[in-house]
Amino acid sequence: MVSVINTVDTSHEDMIHDAQMDYYGTRLATCSSDRSVKIFDVKNGGQILVADLRGHEGPVWQVAWAHPMYGNILASCSYDRKVIIWKEENGTWDKMYEYTGHESSVNSVCWGPYDYGLILACGSSDGAISLITSTGDEQWDIKKISNAHTIGCNAVSWAPAVLPGSLIDQPSGQKPNYIKRFASGGCDNLVKIWKEEDGQWKEDQKLEAHSDWVRDVGWAPSIGLPTSTIASCSQDGRVFIWTCDDPAGNTWTAKLLHKFNDVVWHVSWSITGNILAVSGGDNKVTLWKESVDGQWACISDVNKGQGAVSSITEGQQNEQ
Amino acid sequence: MAARWSSENVVVEFRDAQATAMSVDCLGRHAVLSGRRFLYVVNLEMPSEAPRKIGRQSKWDVGTVQWNPHRTEAHLFAASSNQRVDLYVWQDGCGEAHTSLLGHTRVISDLDWSWFEPEFLVTSSVDTYIYIWDTRDTRKPTVALSAVAGASQVKWNRRNQYCLASSHDGDVRIWDKRKPNTAVEYVAAHLSKIHGLDWHPDNEYILATSSQDNSVRFWDYRQPRKYLNILSCQVPVWKARYTPFSNGLVTVMVPQLRRENSLLLWSTLDLNSPVHAFVGHDDVVLEFQWRPQKEGSKDCQLVTWSRDQTLRIWRVDPQLQKLCASDIVEELMDGLTLATDSEKTLRSQDSEAPLSPSLNADESHDQQEGVQSSLSTSSRHDAPGLPQTLQQEFSLVNLQIRNVNVEMDAVNRSCFVSAHCGANRVRLVVKFPAQYPNNAAPSFQFVSPTTISSSMKTKIQKILTDTSLQKVKRNQNCLEPCVRQLVSCLESDIVSASEDGTNPYILTNPVTPALPAFPRVTNTYGSYQDANIPFPRTSGARFCGTGFLVYFTRPMTMHRTAPPTEPTPRSLSALSAYHSGVMTPMKMRSESQATLRLYSGSPTRTDKEQVSISSFYYKERKSRRWKGKREGTDCSNRPIKLAGKVIIQEVSCLLPVHKALGETYVLNVNDIQDTCQKNAAAALAIGRRDLAKVWALASAATSLDLSPDSEPDADTPWARHPFGRHLLETLLDHYSHMSDVQSLAMLCSVFRGQGSPHDSFTLYGHQNPRSSVLALHHLRYPSYTSSSVTSGSCSSTSDSTTTTWNMIGRDSEHIPPWGESSPDDYRYGNQVYTDPREREKEQHDMNKRLLDPANTLQFDDFKKCYGEILHRWGLKEKRAEVLKFVSCPPEPHKGIEFGVYCCHCRSQARGTQCAVCKRFTFQCAICHVAVRGSSNFCLSCGHGGHTSHMMEWFRSQEVCPAGCGCHCLLQSTF
């Protein structure tokens, strides 16, 4: 049964904007309008403040954990136009890199799949998307997609690392030839898919369905099936599920998950990509699941933080 | 009697018109009324005549109709209908639609003809675009302004042909049509929807907005953060428009409970009470427009159209016009008596004609006093409209021009203008006469240290005089235009001088254009500049790890200010409402001063910094729940929890994968049957009965009785049976739909182990299936097998491109007989089979597998994905077991590569020869010959040499052959 295993009092002095656990689910990072990022050890239901990271000069919008194979690394982005990459070394957290290449609030950060190395995508209200890649030795390579979204970019989300079907066997010793892709959403009401070709980022697809600012995009994790899935949510209250069965990635079809009464701020996929968590301005969290016949149904409602995820219908349980 | 002098109006009823919009042409001859079925053109000279009709076929009402304001095009009018605009020509008593403008994708909200170019028309729409059309080319708009938000109003500036304003909910954007990408200025004007927008007829920078929030506000868009003045009404204001005579304003209210259908005339110099009410309409006034003055007449006429289906024409005589004006004291005094007169009259008529709800008996007395006091002080009064006094001009003037300094002295009515450009210095004294700017130009005089030539002085003097005269003739201020003229004149002089090649200053002092007209204030959080920054999330949920859901919500104690029916704002600029008292929401007005201070504060720096997203939520809670308790106490004394708790939930029961199964599942290739049975028991133990059955089926399908014959000519393999490959595919398909990657990966692994043809391992002799499978993968992908970790960590060759592992790995790809061993190789089809038997055999190999070899890549993905999940669970050994069954290489191991430091010059070297000293980089500790080829090092002491020599040495010795005393065998595992 679904159970609350921990309730963390963050003691932030202002509203929280993001909370995320690391790869193993042992640490929690939170960020807030009080300009701080906090890291808690939440093993075994406890809460130990590991670090209180100060460095941003404005509200911090989002945090992102890197894959642990690169160490304990956390990225945060803020209204102050900065992206800060924090790293734990010998038990203390410190700034590893500070990126100041945006001209307006940075709204979203997302680490790429570990297969690509340490690569971070950042979406900003100046309309640009930056891709920050570690080249080792504390050096970072910056690529910037200018005017990715007119008016502003609100969200970025990486596609899982999938090898293109035509290249099955890679010559050993060489880097596998991944096609790097990510999705972004912006104030032009569009979801865009970007693809790296010959080291350059190019707009691959433009997905049009929302009638207002796109607030978040989430590329579903892959379990090895050929279908790609993206969830997007918007100020217009709609959540769309975009799917693409075409191996070339050219034909995307949208399906309306639900129209909410207020803005939808965030979408998040479960690790197997079959449950979507949706949250928005109505202060509610709902979980959605696709049934075997392809229909999306709400399986629970976390209302105003009062109760646990409730009312999982009998049918869904049997499916388990 | 007030009512008398304005009630001389014309009333004409058009019972069937059902018109939604009205417009008066620029000649004052016609008014067009737009009904759904007909457009009615009314002759304003003889309004009672039957109107001429123009038929129209549309199921949509006309949204807006407007005559072209240019005399040359006075026969033309435009009417919007849903998504399109129709252009009509009215000639010789009949009219017709001659063309349509199509482009908008949603309903058009407003249209406006340009005041400068007769062909240009701007339209705004809910579809978020503002289009500027050239009626000579109607195929598509010439300019598209993308506003992102739908616009409700759009209006051309009356003084600047490039400038226009649009309203979007509570915001106003100012556009320069030459810069269509983005608005040049944002004004967060109101908290509720703006219904009406009107530019000042004489001042380029001033506009009036009327809104649902019960106010009309006056703005200088160069100062977007603070309105110039506010007119507070008790009801939402539908339209507020400037009058053609100075300082007047006419408003129409949105009637709510009371049937308030009067138009009110205000003086913009005194917004406490209306100057006059036009009483008469029985229903909502839909439109009102001024009829152009007739030649020789001093009267103005206001034409109104109401839902009561009457058209009325109201005469506004010069006396009433003067009520709005302020320039001459005598007139003011006249106006004062008149005004009081009219107030009394209006009051006395209360019983007959309903007046503005504010004009009840008690209030009108106050207002009367207000009128008097404000009028008596009006010479010092801040004018919301055109700045009339010198002081106002000085305070409003925008002189942020490079190299120019202006010292203004309003008391002495003079100012000093110093400018330097290149080597030239100019200092000017400008003196303003008392009547300025009413047709009285200031004087300009050069004073020292002016350095320019006398001919230049004459030239500049002339330009300045011309410019100022031009302006003051229209009673306009001239300081700013004059200073700009001065600068451009000086600059052009320098440019022309430099063109002659005589001016050496051109390089050091390049001509810089004047700063942009909209100097930006420094950025503060939540200001209007944040219009494109999304409103922050205050709740969110994220799946983390494998089975956790982390979520946070807004604390229960914090409520939204806005009613729940109103959606959360889109952009952070909504917070600008909390920056200063200026923008205090209406509802706040009624609250106590203490609470007001907390939320709205004065716009000092510290207060600005305190503006946070929580301000948006904070308030309602206070006003609702805490007001009583908090009375008299300073709110900041009490800490308020603004951050909610972050809740971590275990939701793995919702997921198709189970950690318990991950722990108990086994993969024993030696005994597939046993594996299946054990896994069935494990599935049963956690209640997955479906999986228990699947494992039972798997057990049956992998039964040894069914193992395929190696000879193609024997029986059809079991895989071809419906319960063979087909059954398995159906199962995989099912679990794919459920995203159960655990079952998928396990099934694929088991059947891959089972499906491996025995004869492919002949190269290894008679090994049992398990070890052969292991050996195969072991050789090709050493990094994933657990045994490989212990092997070979120290072996390397100095030629870094060939390692022993890779050698075997590569061989496996290139030696043809191995082709049978790896399913991957079949898919390449790169081997050419000369022998038909060979081909048949290959076909048979494909057929006898239960897992379709064509999908191997996908099966590998299942396993890798499951491996990743096992990794997150911390089950690394289980992960390694699963990944052994991956046929395709995972990411190549790029762990340790041994670097070599040259033993002579200590520089890092690649290959056998040092790039720096050109000698061999590394000598064998035994034979002292440079090593190339296979070599071994001790990781501890760094000594080593040819592999054969090392093997030989350490067979009998324990310490380093170099004599360093290192116990190499213990220090590093060979």
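Reply: A patch joins residues with over 30% relative accessible area and no salt bridge: like charges within 9 Å, nonpolar side chains (Val, Leu, Ile, Met, Phe, Trp, Tyr) within 5 Å. Asp and Glu count as negative, Lys and Arg as positive; His and the chain ends are not counted. Each charge is placed at CG of Asp, CD of Glu, NZ of Lys or CZ of Arg. The model is predicted: local features need pLDDT of at least 70, side-chain atom pairs count only at pLDDT 80 or more, and totals for chains, interfaces and linings use all residues. Side-chain values use heavy atoms, leaving out hydrogens and water; residues are numbered from 1 along each chain as its sequence is written, and chains are lettered from A and ligands numbered from 1 in the order in which they are written.

Now the patch. A:E89, A:D94, A:D137 and A:E138 form a negative surface patch. A:E89 belongs to strand β8 (residues 83-89) of chain A; strands (E, at least two residues) and helices (H or I, at least four) are DSSP runs numbered from the N terminus. A:E89 is partly exposed, at 48% relative accessibility. Buried means under 20%, exposed over 50%, partly exposed in between. Areas are Shrake-Rupley values with a 1.4 Å probe, only the protein chains shown counting as cover.

A:N90 sits in the loop between β8 and β9 (92-99) of chain A. This residue is not a glycine, yet has a positive phi of about 50°. A:N90 is exposed, with a relative accessible area of 82%. Compare B:N247, in the loop between β22 (237-242) and β23 (248-253) of chain B. B:N247 is not a glycine and has a positive phi of about 65°. B:N247 is buried, however, at 11%.

On to the pairs. A salt bridge is a side-chain nitrogen of Lys or Arg within 4 Å of a carboxyl oxygen of Asp or Glu. The whole structure has 36 of them over all chains. In chain A, A:D52 meets A:R54 at 3.2 Å, N to O. A:D52 is partly exposed at 34%, and A:R54 is partly exposed at 44%.

B:E45 bridges to B:R291, with the closest N and O atoms 2.9 Å apart. The two are 246 residues apart: B:E45 is in the loop between β4 (38-43) and β5 (52-55), B:R291 in strand β26 (residues 285-291). B:E45 is partly exposed at 44%. B:R291 is buried at 6%.

B:R158 pairs with B:D198 at 3.2 Å between the closest N and O atoms. B:R158 lies in the loop between β14 (153-156) and β15 (163-168) and B:D198 in strand β18 (residues 194-199), so the bridge ties together parts 40 residues apart in sequence. B:R158 is partly exposed, with 24% relative accessible area. B:D198 is buried at 6%. Back in chain A, shared partners join A:E57, A:K82, A:K95 and A:E98 into one salt-bridge network.

Note on methods
Buried means under 20% relative accessible area, exposed over 50%, partly exposed in between (1.4 Å probe, protein chains only).
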